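Please examine the sequence and the model shown below.

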Amino acid sequence: MTSVKLAPGATIGIIGGGQLGKMMAQSALRMGYRVAVLDPSEDAPAKATSHHFINAAFGDLEALKSLCGMSDVITYEFENIDAEILHTLVDDYYVPQGAKTVLTLQNRETEKQAIKDSGARIVPYEKVETPDAIRAFMETHGAPVIVKTATGGYDGKGQYLIESGADLDSAGIPFDETEFVVEKYITLEREVSLTIARSVSGQVIYFPLQENLHKDQILYRTIVPSRVDYAEQAQKEAERIMKALHFTGAFTIEFFVAEDGTLYVNEIAPRPHNSGHYSIEACNISQFDAHVLSILDHPMPEVYLHQDAVMMNLLGADLDRLDGELFTHPEWNVHVYGKTDRKPARKMGHVTVLTDDLEQTIDALDRDFLKET
Ligand code: ADP
Ligand code: MG
């Protein structure tokens with residue numbers, strides 16, 4: 001990809017106007033760029049941070065072309081763009097991230113195959129089309145296993161934890177509707193993630209390793225730096241993956257740390273990631289700044305952490321409890337995305353706290369977030 005260095009005043013087109021698109025736009029606006037956004041929701045968070053807002057479906061080629069037509073460079077927060085549409089856009093407009101990597105990562109089977117081929121370590125998995133194939137996998141690798149839709153899954157959606165053959169019968173996995181992969185269920189000691197940005201001409205910067213706690217498969221909190229030291233190993237795995245897959249922009253690799261200490265790559269998000277949000281306040285450059293700089297091929301600084309940080313997601317259920325006291329904690333950096341439709345498990349915002357005492361801050365935030373109304 002040839003480097004196109006766009007000056008402030010140029011327009012960045014973003015496919016997807018959720019919180020990631022909004023925070024990307026905020027970085028772009030700070031640097032003096034104009035922003036155009038396309039999103040199917042008429043009150044998408046990034047509508048408020050865009051010069052042009054197109055309210056259309058991600059499958060609406062004409063609308064996407066009109067976004068591209070008004071933009072000097074195209075990026076996305078939504079990674080499930082239809083392959084044919086994406087190829088059309090990449091052929092006719094400037095999309096520095098290209099189509100290949102995002103298409104590989106859209107499908108868990110091709111994603112896992114690519115990670116495995118890179119030499120990075122992943123949990124045993126297989127593509128499955130029948131309950132019998134899952135039974136056979138359980139015989140080889142042992143139960144429990146987790147069955148995941150190959151496409152379109154996020155925040156644990158489309159996943160089935162299968163502990164036994166009986167579970168399998170009652171799970172009702174819709175094999176005739178979509179593709180699935182099965183993988184071994186690991187008792188997790190920890191989850192960590194590594195956020196990276198790579199510029200068009202190949203500069204790579206690494207954020208500090210992030211430690212993530214999920215609840216009901218949704219990210220609950222991120223602690224930085226990770227209290228378990230896998231930074232060097234994670235970076236080695238990232239280097240293997242970057243040799244196999246071409247990345248431009250910010251992306252995040254999620255890892256599992258198993259009970260025996262083995263580090264496995266879980267999945268890769270080819271865009272800014274929830275576990276990198278702390279970087280807005282805690283680092284000299286945020287993952288969103290890095291994303292904008294890297295797709296525009298501007299040089300980036302090495303990342304450093306001003307202070308340790310804890311990021312808590314504000315789901316709808318959290319906001320129901322914390323609405324009235326969001327601004328009674330001056331140490332909270334409050335982000336509310338501006339989604340009008342509040343649902344208990346929907347990501348509505350997040351809070352980042354910088355601290356010199358991680359354990360005390362984690363306890364205090366747990367108390368505030370877990371208290372009953
Ligand atoms: P999503 O695309 O929904 O984020 P993930 O594969 O990352 O899908 O799964 C979400 C979460 O579910 C993980 O972060 C982890 O907490 C849990 N999980 C997923 N796969 C496994 C596994 N094989 N073993 C143990 N926990 C898992
Ligand atoms: Mg995940």
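**A guided reading of the model**

At 58% relative accessibility, Asp117 counts as exposed, the term exposed standing for over 50% relative accessible area, buried for under 20%, and partly exposed for values in between (1.4 Å probe, protein chains only). Asp117 is found in helix 5 (residues 108-118); helices (H or I, at least four residues) and strands (E, at least two) are DSSP runs, numbered from the N terminus. Between the C-alpha atoms of Asp117 and Phe247 the distance in space is 16 Å, while 130 residues separate the two in sequence.

The model is a predicted one, in which local features need pLDDT of at least 70 and side-chain atom pairs count only at pLDDT 80 or more, whereas totals for chains, interfaces and linings use all residues. Residues are numbered from 1 along each chain as its sequence is written, chains are lettered from A and ligands numbered from 1 in the order in which they are written, and side-chain values use heavy atoms, with hydrogens and water left out.

The chain just after helix 6 has two backbone features. Gly142 takes a positive phi of about 85°, and the peptide bond from Ala143 to Pro144 is cis, with omega near -5°. Pro144 belongs to the loop between helix 6 and strand 6.

Strand 6 leads on to ligand 1. The shell around ligand 1 receives at least two residues from each of strand 6, strand 8, strand 9 (188-198), strand 13 and strand 14. How many residues surround ligand 1? There are 20, and the closest are Lys148, Gly156, Glu183, Glu191 and Glu267; a residue is near a molecule if one of its heavy atoms lies within 4 Å of it. Polar contacts are pairs of N or O atoms within 3.5 Å; within protein, one must be able to donate a hydrogen and the other to accept it, and residues adjacent in sequence count only if both atoms are side-chain atoms. A polar side-chain atom of Lys148 lies 2.6 Å from an oxygen atom of ligand 1, and a polar side-chain atom of His214 lies 3.4 Å from an oxygen atom of the ligand. From the backbone, a polar atom of Lys184 is 2.9 Å from a nitrogen atom of ligand 1. Taken alone, ligand 1 exposes 540 Å², of which the protein buries 94%; accessible areas come from the Shrake-Rupley method with a 1.4 Å probe, and for residues only the protein chains shown count as cover.

Glu267 also takes part in the metal site. The protein donors of the magnesium ion (ligand 2) are Glu254 (OE), Glu254 (OE) and Glu267 (OE), at 1.9 to 2.8 Å from the ion. Glu254 lies in strand 13 (residues 249-258) and Glu267 in strand 14 (residues 263-269), 13 residues apart. Donors are N, O and S atoms within 2.8 Å of the metal (3.2 Å for Na, K and Ca), and water is not among the atoms, so sites may look incomplete. Glu254 counts as buried because its relative accessibility is 13%, whereas Glu267, at 22%, counts as partly exposed.

Thr262 is found in the loop between strand 13 and strand 14. With a relative accessible area of 17%, Thr262 is buried. Its side chain makes a polar contact of 2.7 Å with that of Asp260, and Thr262 touches Arg121, Phe256 and Val257, not counting residues up to four places away in sequence.

The peptide bond from Val224 to Pro225 is cis, with omega near 0°, and Pro225 lies in the loop between strand 12 (218-224) and helix 8 (231-244). Asp155, in the loop between strand 6 and strand 7, has a positive phi near 45° and is partly exposed at 22% relative accessibility. Asp297, in the loop between helix 10 (287-295) and strand 15 (308-315), has a positive phi of about 60° and is buried, with a relative accessible area of 4%.

Terms used
Contact means heavy atoms within 4.5 Å.
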